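Visitor: Please take one part of this model and go through it closely. Then say how the rest is arranged around it.

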There are 2 protein chains.
Amino acid sequence: MIQPFDDTYYMKKALQEAEAAYEKQEVPIGAIIVIQDRIIARAHNLTEQLNDVTAHAEMQAITAAANFLGGKYLQNCTLYVTLEPCQMCAGALYWSQISKIVYAAKDPQRGCGVMGTKLHPKTEIVGGLLETEASDLLKRFFAERRNKN
Amino acid sequence: MIQPFDDTYYMKKALQEAEAAYEKQEVPIGAIIVIQDRIIARAHNLTEQLNDVTAHAEMQAITAAANFLGGKYLQNCTLYVTLEPCQMCAGALYWSQISKIVYAAKDPQRGCGVMGTKLHPKTEIVGGLLETEASDLLKRFFAERRNKN
């Protein structure tokens with residue numbers, strides 16, 4: 001049986017969000033939240049446009065998903081995000097009690113892993129899905145920015 | 001010389017915000033951000049009303065202060081908050097590069113201290129100012145909530 005709605009399918013959707021951020025000259029990171037094979041939130045980093053350090057893709061996705069569900073907890077939801085969440089986003093995910101986090105590229109400097117941020121005991125986290133695609137986009141963004149300066 | 005604008009003065013303003021949260025049946029936590037003796041953001045916890053785990057007092061204050069300043073970094077700013085920031089809020093404060101954090105009550109369960117959240121190297125953090133007032137308000141809130149259930 002063909003399964004069109006697998007983790008790779010959803011991560012590609014998150015990558016589309018990252019590309020939308022790239023087009024706006026934002027650090028290209030995208031996130032989506034899925035419940036029962038339905039995408040209930042799509043977001044991308046908007047920290048520059050909004051002049052707001054809290055406007056990470058994950059934060060906006062958490063707010064949008066809670067708004068869709070009508071409740072603040074994201075049990076039975078999965079977050080797909082193109083970069084490993086930072087302390088802030090992992091801290092927000094802790095409060096949300098989300099079931100699963102799937103990220104693409106690892107962030108060895110500021111990711112929640114190296115920073116030691118605690119996730120909720122109910123939350124599973126896996127990384128590395130479409131890592132090359134996500135990190136290539138980030139590398140391209142920073143290379144172009146260096147060339148501009 | 002009388003100095004009306006000291007840390008205690010500002011923490012009392014944060015406590016007024018916590019009381020505003022209390023009136024709305026929100027966990028009573030308030031925050032303000034100050035630059036050069038001027039209050040540029042006032043906020044209180046709104047997680048219940050907004051159905052949003054990200055609506056902590058500090059998060060809203062960071063967004064409001066950046067909006068006021070027209071830039072996303074909060075250098076030369078001080079945050080006064082009635083409870084020690086959690087991982088999410090400390091993570092956001094990390095990105096903001098805020099100069100100083102003054103909190104009232106310690107959070108021995110979920111505070112950034114016990115959770116090991118990293119602050120920006122430029123950020124100073126001090127706790128315990130008007131601790132009794134802040135923790136009494138929290139205790140009163142949770143005692144009333146227990147009695148209701």
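Guide: In chain B, five strands form an open sheet with mixed pairing, in the order S2-S1-S3-S4-S5. Strands (E, at least two residues) and helices (H or I, at least four) are DSSP runs, numbered from the N terminus; two strands count as paired if DSSP finds at least two bridges between them. The model is a predicted one, in which local features need pLDDT of at least 70 and side-chain atom pairs count only at pLDDT 80 or more, while totals for chains, interfaces and linings use all residues. Residues are numbered from 1 along each chain as its sequence is written, chains are lettered from A and ligands numbered from 1 in the order in which they are written, and side-chain values use heavy atoms, with hydrogens and water left out.

The edges of the sheet are S2 (38-44) and S5 (124-127) of chain B, each of which pairs on one side only. On average, neighbouring strands are turned by 15° against each other, direction ignored. Helix H2 (residues 57-69) of chain B packs on this sheet and touches S1 (30-35), S2 and S3 (77-83) of chain B; its direction makes about 145° with that of S2(B). Such axes are lines fitted to C-alpha atoms, for helices over the stretch in contact, with angles from 0 to 180 degrees between N-to-C directions; contact itself means heavy atoms within 4.5 Å.

At the S5 side, S5(B) pairs in the parallel sense with S4 (residues 100-105) of chain B, over four bridges. Lys100(B) stands opposite Glu124(B) of S5(B). In chain A, Gly127(A) belongs to strand S5 (residues 124-127). Gly127(A) is partly exposed because its relative accessible area is 48%, and the limits are under 20% for buried and over 50% for exposed, with partly exposed in between (1.4 Å probe, protein chains only). Beyond four places in sequence, Gly127(A) is in contact with Tyr103(A) and Ala104(A).

Strand S2 (residues 38-44) of chain A contains His44(A). His44(A) has 11% relative accessibility and therefore counts as buried. Its side chain makes polar contacts with the side chains of Glu17(A), at 2.8 Å, and Lys24(A), at 2.7 Å. A polar contact is a pair of N or O atoms within 3.5 Å; within protein, one must be able to donate a hydrogen and the other to accept it, and residues adjacent in sequence count only if both atoms are side-chain atoms. Contacts of His44(A) beyond four places in sequence also include Ile29(A), Ala55(A) and Gln60(A).

Helix H3 (residues 87-96) of chain B is mostly covered, with nine of its 10 residues buried. Among them are Met88(B), Cys89(B) and Leu93(B). Just after H3(B), Gln97(B) has a positive phi of about 55°.
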